[in-house]
Structures are given as structure tokens and as C-alpha cells.
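Thanks for coming. I have one structure to go through today, so please have the sequence and the model open.

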Amino acid sequence: FKIGQGMICGCKNIFGVSEEEAVKLGLEKESIKNLVITEDIKPYIINNKWKKLIYTVPFKNLNNFPNTRKYLEKNKEQLISRYDYDGKKYPWFGYQRVQNQDIYEKAQPKIITPAYSTSNKFGWDDGTKEQNFIGMSDIYSIVPKEGININLKYILTILNSKLGEFYHKRNSKLKRDNYYEYISKPLAKFPIKNIVSNKIIYTGLPQLANKSILYGKVKIGFL
């Protein structure tokens with residue numbers, strides 16, 4: 001699997017706006033993506049509250065996006081005050097660190113988790129235009145590597161299971177206030193086998209995931 005941290009913009013309070021704000025400001029749709037934050041993520045589901053992200057990564061300038069430029073220029077003083085800004089590493093309207101574009105820019109299903117959580121919370125992003133979320137540095141996403149044929153919802157169900165939580169909490173770092181790490185290193189070690197030959201489990205777990213995504217999850221037994 002590919003496991004990737006979200007983008008690092010340095011001013012989420014500026015780049016993150018509500019859908020209502022985006023409409024009021026007339027922000028061009030080409031500059032807007034769907035934003036996911038840690039509070040949105042629950043087991044199986046992502047409760048996005050209409051949050052949007054001003055996504056300037058592909059742009060060399062903002063000449064074609066006058067309303068987006070106008071909004072960012074009003075906040076330019078704060079943007080150029082970011083600790084590592086020197087006018088060379090990235091433009092004043094850009095992000096501090098652009099990473100894992102192959103995960104976040106591509107319209108594809110993915111599993112999304114907070115980087116730190118008190119329990120396993122792996123949400124489902126179906127990759128459609130209504131979702132296809134981009135996260136910031138406190139978010140990690142999981143997608144299959146190219147050429148790997150595996151049902152991602154099978155993985156989703158195991159990660160959200162009680163057994164999955166039991167394993168993870170014994171193999172990841174405990175931070176303060178009972179928060180555990182859900183970052184690349186411990187997630188990459190998660191022992192999940194591709195049991196495509198066992199059709200009952202391999203098809204049954206994704207069916208359970210579909211119901212949980214639709215109705216919300218109530219954990220029963222080892223799941």
C-alpha cells in the first residue's frame with residue numbers, strides 16, 4: 001500500500017474555508033478542493049461539514065483566478081510570515097510542503113485516518129467529486145499500490161475492527177492523553193493478508209463495510 005501524509009500549508013485558517021464563504025467570496029471552482037479534518041473522521045464514515053480547501057498547488061500564478069487572488073492578497077502578510085518563507089522555496093500563495101500528490105490529487109477511493117487518535121477511526125473516501133478529500137499534515141491516507149488488486153473495503157473493515165484496534169494499540173506509540181500514532185510506520189506494519197481465495201471472508205467483509213458506510217458502525221464481536 002501507499003500511505004501518505006496530507007499537505008502542509010502552514011496557514012490552514014486561511015486556506016480552509018466553508019462552502020458558504022467560498023460562494024460568498026466567489027472563489028473559482030478550479031481553485032477549490034474538498035477538505036477533511038480530523039474531527040470529520042469516524043469509523044467507516046467521513047462527516048464533512050462542507051469545508052473547502054483553497055488548493056493553489058498546481059498554479060504558477062493566480063492571474064486566472066482573480067477572486068482567489070483577491071482573498072489571498074488580503075491575507076498576504078500572514079502568508080509571508082510563515083516561518084520558512086523566503087520567496088524562493090514556494091510562492092507566497094503556495095504551500096510549505098507539497099507531498100503525496102499521487103494519493104490526494106487523483107480521483108480514487110482511499111482510506112483516511114487522523115494521524116493521532118484514541119481509537120481506530122478509518123474513514124472511507126469513495127473518490128467521487130462529492131468526496132475526494134485532501135487532508136493536511138494531521139491526516140494520513142491509504143491507497144493500493146499500482147498493479148495491486150485488492151478490495152480496499154476488505155482492508156477498511158479489518159482496520160476498524162476490535163481486533164485491528166487491539167493489534168494497533170500494542171504496536172504503535174502511545175502519546176499523551178491516550179492518543180496513539182496512526183502514521184506511516186505503524187500502519188505499514190499492519191499484518192493484513194490478501195485472502196482472495198476465501199470468498200466468504202473476502203466478499204463478506206466489504207459487504208459489511210458498505211452497510212457501515214451507509215448506516216454508521218456498531219461494533220459487534222471481534223468486528
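**Around helix 3**

I start with what covers the buried residues of helix 3: the cover includes helix 1 (12–15), strand 2, helix 2 (19–25), strand 4 (51–54) and helix 4 (76–79). Helices (H or I, at least four residues) and strands (E, at least two) are DSSP runs, numbered from the N terminus. Cover here rests on contact, that is, heavy atoms within 4.5 Å.

Before going on, the source: this is a predicted model, where local features need pLDDT of at least 70, side-chain atom pairs count only at pLDDT 80 or more, and totals for chains, interfaces and linings use all residues. Residues are numbered from 1 along each chain as its sequence is written, and side-chain values use heavy atoms, with hydrogens and water left out.

Which residues of helix 3 are buried? In this helix, residues 66–74, they are Thr68, Tyr71 and Leu72. Buried means under 20% relative accessible area, exposed over 50%, and partly exposed in between (1.4 Å probe, protein chains only). Viewed down the axis of helix 3, the buried residues fall within an arc of 95°, so they line one face of the helix. That arc is taken over the directions from the helix axis to the C-beta atoms. Lys70 and Lys74, on the other side of helix 3, are exposed.

Ser31 is found in the loop between helix 2 and strand 3. Its relative accessible area is 0%, so Ser31 is buried. Not counting residues up to four places away in sequence, Ser31 touches Leu53, Ile54, Tyr55, Phe59 and Thr68.

Strands pair if DSSP finds at least two bridges between them. Axes are lines fitted to C-alpha atoms, for helices over the stretch in contact, and angles run from 0 to 180 degrees between N-to-C directions. Strand 3 (residues 32–36) and strand 8 run parallel and are joined by three bridges. Leu35 stands opposite Ile134 in strand 8.

Another open sheet has four strands in the order 1-9-5-7, with antiparallel pairing. Strand 1 (2–5) and strand 7 (123–125) stand at its edges with a single partner strand each, so one side of each is left without a neighbour in the sheet. Here the twist averages 30° from one strand to the next. Strand 1 and strand 9 (residues 139–143) run antiparallel, joined by four bridges. Gly4 stands opposite Ser141 in strand 9. Helix 6 (residues 152–160) packs on this sheet, touching strand 5 (110–114), strand 7 and strand 9, and its direction makes about 25° with that of strand 5.

Last, the whole protein. It has nine helices and ten strands. Buried residues make up 46% of the 223 residues. Along the principal axes, the C-alpha trace spans about 55 × 35 × 30 Å.
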